[in-house]
Amino acid sequence: KNWNITHNFLKPEDYRQLSVTMLSTHDTTNWPAWWENEAGTVDEDLFFRKCAEAGINFNLIRPLLFDSARSKHGRLRWIEGIEPVDKLLSILHKRKEEVYILVDLYENTYGEKEKLWKLLEMEGVMREKCDKELFEAILKFNLAASSLFCINTLVDLLYLGDLWEGDSYQYRINTPGTIGGHNWALKLPLSLEELHKHPVTKQIRKLITDSDRV
């Protein structure tokens, strides 16, 4: 992303060559879970703390900024119509320089999903759920990056074969700052021998072969 000026996602050709591109890591949600639960949202605890530091009553402004029905897993999803940034500032009753961190969070997350959907040149109305078509599009986007390295997890790649069932959020390898059986306990839904024979293996190989990485 261009975090400081346009706040938009970079095109694949604009990635630095001396870099690594990936859809997710062992310390984040997988990409489908990010798309469904985190894209276009802000971290609730962080937003609460920054409101407190700025003397803002979080409980009063929360329903004016965020959609409670679509906010989950500690993430706050913006309601529609909070644009431009002046609308945010009017709700917070603050000047930009007083809440620059909150403004930064807003500028880098508001409309985030719509921006990426458009950049991927997906057709039709934006879908909240990550399906195989969307995941294949983001993987191709990822493989096309100018980065020297492209490293993706098996957790992400196996979504091409519909090998994970249920809520994608449950398939997280590790949650930093937490201790418990939910960390480092994720198992592949099939054995390596079965994976070797599965059609998804050929699909992954073809996507890599068709990219500029070979």
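E112 lies in helix α6, which spans residues 112-119. The structure is a predicted model, in which local features need pLDDT of at least 70 and side-chain atom pairs count only at pLDDT 80 or more, while totals for chains, interfaces and linings use all residues. Residues are numbered from 1 along each chain as its sequence is written, and side-chain values use heavy atoms, with hydrogens and water left out.

Helices (H or I, at least four residues) and strands (E, at least two) are DSSP runs, numbered from the N terminus. The chain has 10 helices and four strands. Their order along the sequence is β-α-β-α-α-β-α-α-α-α-β-α-α-α.

Is E112 buried or exposed? E112 counts as buried because its relative accessible area is 9%; buried means under 20%, exposed over 50% and partly exposed in between, with a 1.4 Å probe and protein chains only. Contact means heavy atoms within 4.5 Å. Apart from its neighbours within four places in sequence, E112 is in contact with K1, F9, W34, E38, A39, G40 and T41.

H7 is placed in the segment before β1 (20-21). H7 counts as buried because its relative accessibility is 10%. With neighbours within four places in sequence left aside, the contacts of H7 are K1, N2, E107, N108 and K115.

| Side chain | Partner side chain | Polar contact |
|---|---|---|
| E112 | K1 | 2.7 Å |
| H7 | E107 | 3.1 Å |
| H7 | N108 | 3.3 Å |

Some totals describe the whole chain. Of its 214 residues, 42% count as buried. Among contacts between residues at least 6 apart in sequence, 66% join residues at least 24 apart. The chain also carries 28 positive and 33 negative charges, and the mean positions of the two groups are 1 Å apart. Here Lys and Arg count as positive and Asp and Glu as negative, while His and the chain ends are not counted.

Methods: Charge placed at Lys NZ, Arg CZ, Asp CG, Glu CD. Polar contact = N/O pair within 3.5 Å; in protein donor to acceptor, adjacent residues only side chain to side chain.
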